[in-house]
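Dear colleague,

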Amino acid sequence: MAVYRDGDAVFTDITFDTRHRGAPGLAHGGAISMACDDLFGFVLYLVQEIAVTRTLTVDYLAPVPLDQPHRITARLQHQQGRQLHLEATGTGHDRITRFTATALFLIVDHDHFAAHSRDTDLQTMLTQHQPHDHKQS
């Protein structure tokens with residue numbers, strides 16, 4: 001998933017295909033929620049925090065057709081202590097908003113991951129997977 005920064009938001013353009021099929025011709029809700037959760041992870045680079053997903057809620061507003069591009073845009077809604085409240089919108093190429101998502105992420109320290117990864121894995125995550133700056137064309 002290629003992710004880009006645009007001011008205080010990140011976005012990705014994604015086309016769900018037959019690998020993501022739920023009902024015939026439509027994207028599976030699980031694939032949509034996975035894309036939102038993944039994109040929310042890139043918001044963390046903007047707020048410069050390490051955090052994990054606590055809750056994720058997706059509101060499916062309209063069917064999401066396969067093989068049509070959708071833009072998902074995510075941003076920090078607000079921060080309250082260790083809690084990061086995030087929001088996202090998924091819009092089709094026809095400008096129809098097909099889903100929205102909200103998430104609560106909890107800020108953690110490096111030790112949270114220590115038992116599950118190598119130090120180099122965490123360092124790679126923190127430095128190499130940042131969103132690209134969006135260039136206006």
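What follows goes through the helix, then the strand pairings, and then the salt bridges.

Please keep in mind throughout that this is a predicted model.

I begin with helix α1, which covers residues 29–47. At 1.5 Å a residue its 19 residues should span 27 Å, and the C-alpha atoms at its ends are 28 Å apart, which agrees. The buried residues of α1 include Ala31, Ile32, Ala35, Leu39, Phe40, Phe42 and Leu46, and Ser33 and Cys36 are also among them. Which elements cover these buried residues of α1? The cover includes the strands β1 (4–6), β2 (9–15), β3 (51–60), β4 (69–80), β5 (83–92) and β6 (97–107). Just after the helix, Gln48 takes a positive phi of about 55 degrees.

Turning to the strands, β4 and β5 pair in the antiparallel sense over ten bridges, and within this pairing His78 has His85 in β5 as its bridge partner. The two strands form a hairpin with two residues between them, and Gly81 in the turn has a positive phi of about 65 degrees. Strand β5 is also joined to β6 by nine bridges, again in an antiparallel arrangement, with Ala103 in β6 as the bridge partner of Leu86. The hairpin of β5 and β6 has four residues between the strands, and here Arg95 takes a positive phi near 70 degrees.

A search of the whole structure finds four salt bridges, and I describe some of them here. In one of them Asp13 pairs with Arg71, the closest N and O atoms being 2.7 Å apart. This pair links distant parts of the chain, since Asp13 lies in strand β2 and Arg71 in strand β4, 58 residues apart. Asp13 is partly exposed, with a relative accessible area of 48%, and Arg71 is likewise partly exposed, at 35%.

Asp17 forms a salt bridge with Arg19, in which the closest N and O atoms are 2.7 Å apart. Are these two residues buried or exposed? Asp17 has a relative accessible area of 19% and is therefore buried, the cut-off being under 20%, whereas Arg19 is exposed, at 68%.

The side chains of Asp94 and Arg98 also meet in a salt bridge, at 2.9 Å from N to O. Asp94 counts as partly exposed, with 34% relative accessibility, while Arg98, at 7%, counts as buried.

Conventions:
Residues numbered from 1 in each chain as written. Predicted model: local features only at pLDDT ≥ 70, side-chain atom pairs only at ≥ 80, totals over all residues. Heavy atoms only, no water. Expected span 1.5 Å × (residues − 1). Buried < 20%, exposed > 50% of the residue type's maximum accessible area, 1.4 Å probe, protein only. Contact = heavy atoms within 4.5 Å. Pairing = 2+ DSSP bridges.
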